[in-house]
Amino acid sequence: MRIVLLGGAGYLGSAASHHLVSRGHHVTVVDGLIYNRGDDPARLLPATATFVPGDLRDPALLARTAEGADVVVHLGGIVGEPASRLDEQLAVELNYASPMIAAEAACAARVGHYVFFSSCSVYGMHEGTVDEDTEPNPLGIYARTKVLAERRLPDVLGDDTALTSLRLATVHGSSPRQRLDSVVNAMASRAAATGRIPLNGGSQRRPLVHVGDVARVLAGVVERRLAGAWNVGSDRENFTIGEIAATVADVVPGAVIDRGPEQDEADARDYRVSFARLQRALPGACSTSLNDGAREIADLVLTGHITDPGKAQYDNHRGLIAAFTAGKVGRLGNPDCARYGAEYEAAWGER
Ligand SMILES: NC(=O)c1ccc[n+]([C@@H]2O[C@H](COP(=O)([O-])OP(=O)(O)OC[C@H]3O[C@@H](n4cnc5c(N)ncnc54)[C@H](O)[C@@H]3O)[C@@H](O)[C@H]2O)c1
């Protein structure tokens with residue numbers, strides 16, 4: 001199949017591109033490398049993948065790349081609440097307008113399948129276990145952009161382009177374009193580098209999934225054209241942040257947990273997620289454990305592949321601030337972004 005990965009040079013996309021190529025697909029990656037890290041796409045992506053530099057808010061570019069594709073996958077945008085708060089309008093352009101503009105292009109090019117990377121963050125805070133039928137409860141800008149895109153994409157795609165929304169658990173593990181800013185990767189890299197695991201409170205629950213499993217799920221939904229919303233992760237991998245710290249301490253010899261008071265007001269997400277739907281459709285697709293992912297990250301540091309995990313290049317929030325300051329990324333305000341920005345305001349303006 002001819003698969004276009006929008007934002008495919010990032011943490012998930014670079015891992016997915018290798019897996020999709022290994023399964024015989026032709027992959028085109030469109031990415032603006034917005035984090036200003038000096039990434040070389042030739043080192044991140046498989047040799048047979050086509051790399052197209054560009055901005056995922058550019059309708060003409062998206063129309064060109066959708067032409068002749070079997071599947072368009074949108075995994076660009078800003079990840080997480082802290083980075084999204086840096087500039088709400090920018091977050092709306094990258095996380096809501098961009099997937100909508102890409103959907104318009106996919107529909108016009110008669111692409112049969114569109115896959116949108118969403119997040120379990122759409123559930124916010126919930127008692128009990130949430131599944132795909134649970135009403136979303138977005139707690140911040142990031143989750144609001146994902147919820148609105150999931151709701152509005154079917155209107156733009158129409159009946160001839162199937163839509164899949166992948167609501168990912170928090171991802172861990174190693175990838176060609178390494179990130180160390182999500183909970184497992186941050187704890188494991190820090191534990192390996194310093195022997196300490198800072199933990200403030202830690203009662204909130206986070207479902208987890210390994211980056212390699214996300215790539216396998218993407219291949220599965222593309223090859224079987226599984227439409228609809230899917231929580232991506234495993235029922236066995238719903239942990240509190242305290243339990244994650246304890247596992248990391250077990251995995252990294254000699255590492256100790258530094259306990260402090262609960263401080264996570266900026267990120268109040270707390271939910272237990274059911275992944276039963278995915279397990280029925282793609283049994284065993286998400287079978288890599290927290291232990292394995294944490295060990296993988298710790299090994300990157302312990303073997304010297306990563307010498308300073310504290311560098312901004314591994315952290316999207318700091319990377320975005322650097323890119324923003326350097327003028328490498330900013331608001332575009334083109335007519336499409338303005339139109340979708342107004343939709344976002346209309347949907348969430350009263351909050
Ligand atoms: N990593 C996680 O834990 C996680 C969890 C849930 C959902 N997700 C979702 O998965 C997707 C991918 O996440 P990731 O961790 O790979 O992020 P990432 O930041 O590593 O990758 C995103 C890529 O998109 C590119 N990009 C963003 N906006 C762009 C624009 N306007 N023009 C050109 N390129 C642009 C960036 O350069 C980057 O390479 C995101 O949609 C994210 O919301 C990720």
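Okay, before anything else, one definition: when I say two strands pair, I mean DSSP finds at least two bridges between them. Keep that in mind, and keep in mind too that this is a predicted model.

If you want one spot to look for on your screen, find threonine 129: standing opposite, in strand 14, is arginine 272.

While you're there, which residues of strand 14 are on the covered face, and which on the uncovered one? Tyr271 and Val273 are on the covered face, while Asp270 and Arg272 are on the uncovered one. If you read those numbers in order, here's the general idea behind them: in a regular strand the side chains alternate between the two faces of the sheet.

Strand 7, residues 162-168, runs parallel to strand 11, with five bridges joining the two. Take serine 165: its bridge partner in strand 11 is alanine 229.

Next, a pair of helices. Helix 7 is residues 183-194, helix 9 is residues 241-251, and their axes come within 10 Å and cross at roughly 35°. The crossing is right-handed. On the helix 7 side, the contact includes Val183, Met187 and Ala191, and on the helix 9 side, Ile241, Ile244 and Val248 are among the residues taking part. So what classes of residue make up this contact? There are 11 nonpolar residues, no polar ones and no charged ones.

Last stop, the ligand. There are 29 residues around the ligand, and the ones that come nearest are Gly7, Gly10, Leu12, Gly32 and Val171. Where do the shell residues come from? Helix 1 (11-22), helix 5 (88-108), strand 5 and strand 8 (170-172) each supply at least two. Helix 1 gives the largest share, three residues. By class, the shell around the ligand has 13 nonpolar residues, 11 polar and five charged.

Terms used. Residues are numbered from 1 along each chain as its sequence is written. This is a predicted model: local features need pLDDT of at least 70, side-chain atom pairs count only at pLDDT 80 or more; totals for chains, interfaces and linings use all residues. Helices (H or I, at least four residues) and strands (E, at least two) are DSSP runs, numbered from the N terminus. A residue is buried if 20 or more other C-beta atoms lie within 10 Å of its own, exposed if 12 or fewer, and partly exposed in between; C-beta atoms are placed from the backbone. Axes are lines fitted to C-alpha atoms, for helices over the stretch in contact, and angles run from 0 to 180 degrees between N-to-C directions. A crossing is left-handed if the near helix is turned anticlockwise from the far one by less than a right angle, and right-handed if clockwise. Two residues are in contact if their C-beta atoms, placed from the backbone, lie within 7 Å. Ala, Val, Leu, Ile, Met, Phe, Trp, Tyr, Cys and Pro count as nonpolar, Asp, Glu, Lys and Arg as charged, and the others, Gly among them, as polar. A residue is near a molecule or strand if its C-beta atom, placed from the backbone, lies within 6 Å of it.
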